[in-house]
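Have the model open beside you as you read.

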Amino acid sequence: MSRSAIVGTVALVIAFRAVSADTDLKARVMNEYPSALADMESILSHCRGSAVHRSWKVPNPRASRPGDVNSKVDTARIQFERSGPMERAIREPVDGQQDWVYCVDGKSSFTLRRDRGKETYVLASLGADQDLRRTLKLRVDQFVDAPSRLFGSRISELMTDPRFTIRKVSALGEENGPLFKIDFTHEDPRKLRRSGWFLVDPNRHWAVTKYECRCQQDGGHDFLDREEIEYTEPAPSRSLAVKRVVSEFSVYRDEFVFDDFAFGPVPASDFTLTAFGLPELGRPGARGNPTWTVLFLVLLAAVSAACAILLARAARRRAGDGEAPRGLESHASG
């Protein structure tokens, strides 16, 4: 056999083994990953904890025009609870003048505020689409759900989306064991085409450790989304993100330092106004902040006064209408 034939045969064998290895890894991902995600999401859906959150950004040396970057570190303590669709977060900024709360009980939501130095909260707004809720939810979710999300979407939902395709799976050698690199493409209903890869660690409960995604929109808009996630081990069997680095034209650095975290049931009573010393909506007599009782009494008095004025005016009109016919009748008889 000639040398070129031997080289060709070796190349074919290597290629066959590479394809076979990719097929085996892809089969393992398709067989094991969905159940690992379901297990992870189930555990993360009932948890509570507190952490110090720090956020800052620095110039990206790869950007052609880094621009001005405010390097001030935004620091706040965040306490959060989650029980299925119910969730809440309390944010207490270190340098801020007000503490904020968002809470969702599964059907409705509310936000509260508390001025610095005050002991009681006041109702700031109602509704499920408040900016504060979205901001706090994003801050909490990006760390608690980091092991099982890509670009804000649950990986379990992406894998059942016919527009999401796993193109290739390869193993990368790491000090603590191999990582799986999963190449994918995705086109969502908003005409946003994504292509890229993400790394998962099968020895760390299949947690996502890094991803890179090229996003293309109709009209030629094109951008690159990169994230790198570092983890800690606050519980023996699960991992939590402690730092996320997002880079494009600047590098955003976020860090959660957990000082308390627990998985398990959370009381439903924690997701109510009563939990913050306020009466529930539709229950004016509920025990809570005395300020609400005073406000209710003032409003009741105002409504009563308005009703009394309207009734007095109506009585005067009726009296006037009753005298007019007698005057006309007397004038006619004269």
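## Charged pairs and a buried arginine

D99 is buried, with 6% relative accessible area. This is a predicted model, so every value here is computed from predicted coordinates.

The partner of D99 is R116: the two form a salt bridge whose closest N and O atoms are 3.1 Å apart. D99 belongs to strand β4 (residues 98-104), while R116 sits in the loop between β5 (109-115) and β6 (122-126), and the pair links distant parts of the chain, 17 residues apart. R116 has a relative accessibility of 36% and counts as partly exposed, because that value falls between the 20% and 50% limits.

How many salt bridges are there in the model? The count comes to 17.

| Salt bridge | N to O distance |
|---|---|
| R82 and D141 | 2.7 Å |
| R116 and D99 | 3.1 Å |
| R88 and E81 | 3.3 Å |

Next, look at D141 and R82, whose side chains meet in a salt bridge at 2.7 Å, N to O. D141 lies in helix α2 (residues 131-144) and R82 in strand β2 (residues 74-83), so this pair ties together parts that are 59 residues apart in sequence.

As background, side chains of opposite charge can pair when their charged atoms come close.

One more arginine deserves a visit. R244 is part of strand β14, which spans residues 238-247. With a relative accessible area of 9%, R244 is buried, because this value is under the 20% limit. What lies 2.8 Å from a polar atom of the R244 side chain? The backbone oxygen of Q142 does. Leaving aside residues up to four places away in sequence, R244 touches Q142, F143 and A146, then E227, E228 and I229, and finally Y252, R253 and D254.

Notes. Residues are numbered from 1 along each chain as its sequence is written. This is a predicted model: local features need pLDDT of at least 70, side-chain atom pairs count only at pLDDT 80 or more; totals for chains, interfaces and linings use all residues. Side-chain values use heavy atoms; hydrogens and water are left out. Helices (H or I, at least four residues) and strands (E, at least two) are DSSP runs, numbered from the N terminus. Buried means under 20% relative accessible area, exposed over 50%, partly exposed in between (1.4 Å probe, protein chains only). A polar contact is a pair of N or O atoms within 3.5 Å; within protein, one must be able to donate a hydrogen and the other to accept it, and residues adjacent in sequence count only if both atoms are side-chain atoms. Contact means heavy atoms within 4.5 Å. A salt bridge is a side-chain nitrogen of Lys or Arg within 4 Å of a carboxyl oxygen of Asp or Glu.
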